[in-house]
Structure formats: structure tokens, C-alpha cells
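Here's a quick briefing to read alongside the sequence and the coordinates. Have a look at the fold, then work through the points below.

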Amino acid sequence: QVQLVESGGGLVQAGDSLRLSCAASGLTFSTSVMGWFRQAPGKEREFVAAISWSGGITNYADSVKDRFTISRDNARNTVYLQMNSLNPEETAIYYCAAKPGLISNPAAIRRGSVYTYWGQGTQVTVSS
């Protein structure tokens, strides 16, 4: 049984930083593309960041580029999202997602439908 368990969310002030973690089990983590998505109240889920098997290739939403960093530790089966300079508009539930194997179309890495497994999410609240 595949499990993705996010942690690290919380309440912070605008401009603060947070690091989210997602611990994976039940899948071959080292050959899974990993992604982070978020969903704000009343809005659709949106792509945040993704990372290739080895971590050598990363992809970010334009809105978070240069502020957020996705990384992974294949020895610990964990993917991270370091978030800096948070703003209140980024208040959302943040979800970890996994896609075992390859994503043949690189552009598809931003599509939620590509990912097979999802975590329950962790709440991030940014106050102004």
C-alpha cells in the first residue's frame, strides 16, 4: 500500500519560510517523479514544483520560482519543499504526489492527472 505523508505545514507570517516534507512508502521512490501541488480555498488545485528521479531536473510554477526549492533524499524516501518569502495568497493545503516511472512528455509534469498517488495534504497558512 502506497502512502505519502506530508508534514511541516503551519501558521506563519508573510515573508517567513517553511519546509514541507513528504515521506513515501510502498513504492519504489527512487524511480518515481515527485511533485508538490496546492489548493487554496475556493480555487482549483495548482502545480507548485516537481523533481526527477535523481533530483537533477526540477520544474517550478512561475509564481514560486526563485523562492521555493524542491529536493529529495532517495535514501530516506522523502521529498522536500523549501518555501521562502511566503505571502498570504499562498495559504493553501499543500499536497505531495508521486508518479512511478517516467513521464514521457516533460510538459505533462505539471499536470495533476499524471500523478498516480497523493498524500492527504498539509495546511499552510500565511498571515499578513
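This is a predicted model: local features need pLDDT of at least 70, side-chain atom pairs count only at pLDDT 80 or more; totals for chains, interfaces and linings use all residues.

**The disulfide**

- The two partners are Cys 22 and Cys 96, with their sulfur atoms 2.1 Å apart.
- Cys 22 sits in strand S3 (residues 18–25) and Cys 96 in strand S9, so the bond ties together parts that are 74 residues apart in sequence.
- As a reminder, a disulfide is a covalent bond between the sulfur atoms of two cysteines.
- The link between Cys 22 and Cys 96 is left-handed, with -75° about the S-S bond.
- Are Cys 22 and Cys 96 buried or exposed? Both Cys 22 and Cys 96 are buried.

**The aromatic cluster**

- Which residues do the ring pairs link into a cluster? They are Phe 37, Phe 47, Tyr 115 and Trp 118.
- Phe 37 has a relative accessibility of 1%, so it counts as buried.
- Tyr 115 comes in at 5% relative accessibility and therefore counts as buried.
- Phe 37 also pairs with Trp 118: their ring centres are 5.0 Å apart and the planes make an angle of 55°, so this pair is tilted.
- With Phe 37 in strand S4 and Trp 118 in strand S10, the pair ties together parts that are 81 residues apart in sequence.
- Trp 118 counts as partly exposed because its relative accessibility is 26%.

**Charges over rings**

- Phe 37 turns up here too, with Arg 45 lying over the face of its ring at 5.8 Å from the ring centre.
- Elsewhere, Arg 72 lies over the face of Phe 29, at 4.4 Å from the ring centre.

**The largest pocket**

- Which residues line the largest pocket? The lining is made up of Val 33, Ser 52, Trp 53, Ile 57, Thr 58, Asn 59, Leu 102, Ile 103, Asn 105, Pro 106 and Ile 109.
- Sorted by class, that lining has seven nonpolar residues, four polar ones and no charged ones.

- Asp 66 has a phi near 80°, a positive value in a residue other than glycine.
- Where is Asp 66 placed? Asp 66 is in the loop between strand S6 (58–60) and strand S7 (68–73).
- Asp 66 counts as exposed, because its relative accessibility is 79%.
- Ser 85 is not a glycine either, yet its phi is positive at about 50°.
- Look for Ser 85 in the loop between strand S8 (78–83) and S9.
- Ser 85 has a relative accessible area of 40%, so it is partly exposed.

**Two C-alpha distances to check**

- Thr 69 lies in strand S7, and at 41% relative accessibility it counts as partly exposed.
- How far apart are the C-alpha atoms of Thr 69 and Arg 19? These C-alpha atoms are separated by 9.2 Å, and the two residues are 50 residues apart along the chain.
- Gly 56 sits in the loop between strand S5 (46–51) and S6, and it is exposed, with a relative accessible area of 67%.
- Gly 56 and Gly 10 are 46 residues apart in sequence, and their C-alpha atoms are 29 Å apart in space.

Conventions. Residues are numbered from 1 along each chain as its sequence is written. Side-chain values use heavy atoms; hydrogens and water are left out. On a 1 Å grid over the protein atoms alone, a cavity is a set of points where a 1.4 Å probe fits but cannot get out, and a pocket is an open set with protein on both sides within 12 Å along at least five of seven lines; lining residues have an atom within 4 Å of a point. Ala, Val, Leu, Ile, Met, Phe, Trp, Tyr, Cys and Pro count as nonpolar, Asp, Glu, Lys and Arg as charged, and the others, Gly among them, as polar. Buried means under 20% relative accessible area, exposed over 50%, partly exposed in between (1.4 Å probe, protein chains only). Rings of Phe, Tyr and Trp (its six-membered ring) pair if their centres lie within 6.5 Å; planes under 30 degrees apart count as stacked, over 60 as edge-to-face and the rest as tilted. Helices (H or I, at least four residues) and strands (E, at least two) are DSSP runs, numbered from the N terminus. A charge sits over a ring if NZ of Lys or CZ of Arg is within 6 Å of the ring centre and within 35 degrees of the ring normal. A disulfide is a pair of cysteine sulfur atoms within 2.5 Å.
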